[in-house]
Amino acid sequence: MERSVSQILPYDSSALAEKLLAAGQRILLVGEAGIGKSTLMRELARTLSAKGRQCRGISADPGSPAFGLPGTVSLGLWREDGWQVLAYEALCSLDAGRFRLPLVSAVKKLGEKPARGLMLVDAPGMVRGVAGAECLMGLVESLAIDTVLVLARRSKPLPLLPELQASNVRILAMEAHPQARRPGKKARDYKRTRLWRAHFGDAKEMNLDISELNLLGTPPPRDVAYAWAGRQCAFLQAGKTIGIGEIIALQADSLRVRLPRLAMASKTLLLRDACIENGLLVSAKPFAAANLQFLPPPEALPYPTKDYGGGPRPAVKLRGVYATLINGVFGDPLLHLRLQQQQRSLLFDLGDSGRLPTRIAHQVSDVFISHAHIDHIGGFLWLLRSRLGDFPCCRLFGPPGLLDHINGLIAGILWDRVGDTGPRFEIAEIHGACLRRTQVQAGYRESRDLPDLRIIDGKIVDEPSFTVRTVTLDHGTPVQAYAFESKAKLGVDKSALKTLNLPAGPWLKRLKSLADKGERKALIPLPGYGERQVGELAEALLTETPGEKLVYATDFAASDANRAALAGLAHKADVMFCEASFLEADSEQARRTGHLTTQACGNIATLADVTQLVPFHFSKRYEKCPETVYREISDVCSRVVSPK
């Protein structure tokens, strides 16, 4: 038994096949991702089959399967020039590392099936750390492996060698093919998705009562309907997979599922994290935890002392947007949205702004004021001072009366030496369905009225990359809540472009532009390929990344009207920043001052079906026990994300 490796064999599948004829009956192929295990397994199976040896294989990499469906492990028999799938077991995950024990269990079930001849096993590309070691040893033991074939590069040490040498297996090492390369993430995602979509060639749909199902794995929370849509799911009977499909939607207790026509269903349903997101089969992000951090924001100046009283400081990263609650959950409201790749910032409220550097003020294009209480507008003087010079006009949106408040703050300063360099602002007051605009400049007493704009469906800003909507709430004074919504983006599927043998070039930009405008019948000239309609090309080449929604709402009473208005604005928002000023024990104080309690905040987020709730604007009476605030909110809302 060769338990040590004296040399690494040169890449030669034919010579290796001769060695395997004299080796054991079960061979495990091990190596890092993209090193060519699946390709080598095909070459070995073809060669051994040509020599009259029956060859079976197990594809044990659910993320990039050698054959079979993604999200499963499959048993195959080599026939003529390909693998014929004999059986499979669902994992409902693409992550072999996270679910390595279920993977080993599934592979063991397949390995127990009666078989003659050689069996080749394509292991996942995990070769480091505890996950790699546990998966390797689990596969060796569960399948009674007698030979491990390690694919490696001469420039790197053999992976998992101590574990292999400690096991009772024969070890063969072979150099990877020089052209073996791991495809990029997008290419893997697209290939995997094509395999998954082909699974539903003749599909059926069914509605199931979720309360009657035995749910296994790691299903999302039952009250978060959006998290179920697109999930890969498998029906089990007596521990065996009898059907694998995709969840379309969860509505109340009705679970709508898509399955191949001949697949069977049962009362036991397995779900993990394999999911269709943005049209691709990928690993779903952990629910309500992936893009929210509680860290010192990168654009904020260092906090002055270790006991700074602002409390946790949430920072949220969306696609192309980084949002930071500058003063923490206890400080003055001030949410900074940095639009990446644009050198542009948006501010929601203008509380204490001393923590923002001047360069941020230079990049602020729009400020969205909820109302003019001092903790929401007091930072305007920082913005005013920081924009002395030749800067573009900055827009300020807010409730009626905002113009008078801004003029009052400007008028309190002597402007005798600024000349034409006084900061300029466009003040836009929200009067129901009308946006009343006025331009003011420090150093000039006269303002200039601008034409009123009609507000349709709450939309006050509509730009190529995003919109901002608003609703008016009641705090004893009108208060504006805002929703920032990035727009969907079109991208090009490079693998599809290559498959169709089309060249990249400026025509792709025109294709995206016309497709975005809905001009599907327009013709696009292709270099050397004539003309094709936009609709045809878009369907074959373009992918769409949906937009995201972030909502900001603070200082309003828990009235039915306020709840309904905000829930409508925040419907299915990705992130909602919402005040939770008082604990339930202080609900009378909340009612008297027109603020929300923890329970009211959580109920609104649940009603709006948001993905993540970020509560803030806590009363400073709770500075020493913020965990109590988060606990009360989480008791009524599964969407709240609290600092660990």
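What volume does the largest cavity have?

Author: Happy to! The largest cavity has a volume of about 60 Å³, the volume being the space filled by probe spheres set on the grid points. This is a predicted model, so local features need pLDDT of at least 70 and side-chain atom pairs pLDDT 80 or more, while totals for chains, interfaces and linings use all residues. Numbering starts from 1 along each chain, and side-chain values use heavy atoms, without hydrogens or water.

The structure holds one cavity of 30 Å³ or more (a set of points on a 1 Å grid where a 1.4 Å probe fits but cannot get out). The largest cavity is lined by L28, V30, A123, P124, M126, G132, C135, L136, L139 and L160, lining residues having an atom within 4 Å of a point. Both β1 (26-30) and α4 (129-142) supply at least two residues of this lining, and α4 gives the most, with four residues. Helices here are DSSP runs of H or I with at least four residues, and strands are runs of E with at least two. By class, the lining has nine nonpolar residues, one polar and no charged ones, with Gly counted as polar.

On the way to β20, the chain leaves β19, passes through helix α7 (358-363), and makes a right-handed β-α-β crossover. β19 (344-348) pairs with β20 in the parallel sense over four bridges, where pairing takes at least two DSSP bridges. In that pairing, F348 stands opposite F368 in β20. β20 also pairs with β21 (394-398), again in the parallel sense, over three bridges, and F368 has F397 of β21 as its bridge partner.

Further along, β25 (459-462) and β26 (466-474) run antiparallel, joined by three bridges. D462 has T467 of β26 as its bridge partner, and a hairpin through three residues links β25 to β26. β26 then pairs with β27 (478-486) in the antiparallel sense over nine bridges. V468 stands opposite F484 in β27. The hairpin of β26 and β27 has three residues between the strands, and there G476 takes a positive phi near 85°.

Definitions and conventions: Right-handed = clockwise from strand over helix to strand, strands pointing away. 1 Å grid on protein atoms, 1.4 Å probe; cavity = no way out; pocket = protein on both sides within 12 Å on 5 of 7 lines; lining within 4 Å.
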